[in-house]
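Thanks for coming. I have one structure to go through, and I will keep to how its parts pack. Please have a look at it before I start.

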Amino acid sequence: MSQLREPAFDRAVALVLRVGAFGCFFIMLAGLLASLFLHNSIPLNIERTGVLLMLATPVVRVMVACFLFFREKDRKYGWISLGVLTILLLGAAFGVH
């Protein structure tokens, strides 16, 4: 089943990456522009939000791929995606400190 994937699968994954990339760009640009006019912590918080979105984009991409693999009954790649997602989440949880 992994040999013949639907184009909708690739479009969904590409949409997640595109929205994440453009979203973090515009949020960080808004923080940069806000820093020109505001001299408090608000621009820094906006820029941090953009960075967090940039870091979250690959995780969401793996989540979407995992869901779509299981929905297509492609269990092999579904379990691989779930394993990658587990590693990403454990790395984020234990890498915070």
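Predicted model: local features only at pLDDT ≥ 70, side-chain atom pairs only at ≥ 80, totals over all residues.

L29 is a leucine, but it counts as partly exposed, because its relative accessibility is 33%. Across to P43, which is 14 residues away along the chain, the C-alpha distance from L29 is 9.9 Å.

Let me take the helix pairs in order. α1 and α2 have axes that come within 7 Å, crossing at roughly 175°. The cut-off for roughly antiparallel is over 145 degrees, so α1 and α2 are roughly antiparallel to each other. Sorted by class, the residues in the contact of α1 with α2 are 21 nonpolar, seven polar and two charged.

Next pair. How are α2 and α3 arranged relative to each other? Helix α3 covers residues 75-95, and its axis is 8 Å from that of α2, at a packing angle of about 155°. α2 and α3 are therefore roughly antiparallel to each other as well. Their crossing is left-handed. On the α2 side, the contact is made by V59, V62, M63, A65, C66, F69 and F70. On the α3 side, the residues are R75, Y77, G78, W79, S81, L82, V84, L85, L88 and L89. By class, that contact of α2 with α3 comes to 14 nonpolar residues, two polar and one charged.

Now the core. Which residues form the largest nonpolar core? There are five of them: F9, V13, A65, L68 and F69. The elements that give two or more residues to this core are α1, residues 7-37, and α2, residues 42-71. The most comes from α2, which gives three residues. Two of the core residues, A65 and F69, were also on the list for α2 in its contact with α3. V13 is another core member, and leaving aside residues up to four places away in sequence, V13 touches R61 and V64.

Back to α1 for a moment, with D10, which has its place in that helix. Is D10 buried, exposed or partly exposed? With 38% relative accessibility, D10 counts as partly exposed. For a sense of distance along the chain, D10 and F22 are twelve residues apart, and their C-alpha atoms are separated by 18 Å.

In α2, I would point to A56. A56 counts as partly exposed, because its relative accessibility is 33%. From A56 to I80 is 24 residues in sequence and 19 Å in space, C-alpha to C-alpha.

Last, the connection between α2 and α3. What lies in that loop that deserves a look? K73 is in the loop between α2 and α3, and its phi is near 60°, a positive value in a residue other than glycine. K73 has a relative accessible area of 55%. The cut-off for exposed is over 50%, so K73 is exposed.

To recap, α2 is roughly antiparallel to α1, and α2 is also roughly antiparallel to α3. The largest nonpolar core has five residues, with α2 giving the most to it. K73, in the loop between α2 and α3, has the positive phi. That is what I have.

Notes:
Residues numbered from 1 in each chain as written. Heavy atoms only, no water. Core = buried A, V, L, I, M, F, W, Y, C linked by side-chain atoms within 4.5 Å. Buried < 20%, exposed > 50% of the residue type's maximum accessible area, 1.4 Å probe, protein only. Helix = DSSP H or I, 4+ residues; strand = E, 2+ residues; numbered from the N terminus. Contact = heavy atoms within 4.5 Å. Axes fitted to C-alpha atoms, helices over the stretch in contact; angles between N-to-C directions. Parallel < 35°, antiparallel > 145°, perpendicular 65-115°, else oblique. Left-handed = near helix turned anticlockwise from the far one by under 90°. Nonpolar A, V, L, I, M, F, W, Y, C, P; charged D, E, K, R; others polar.
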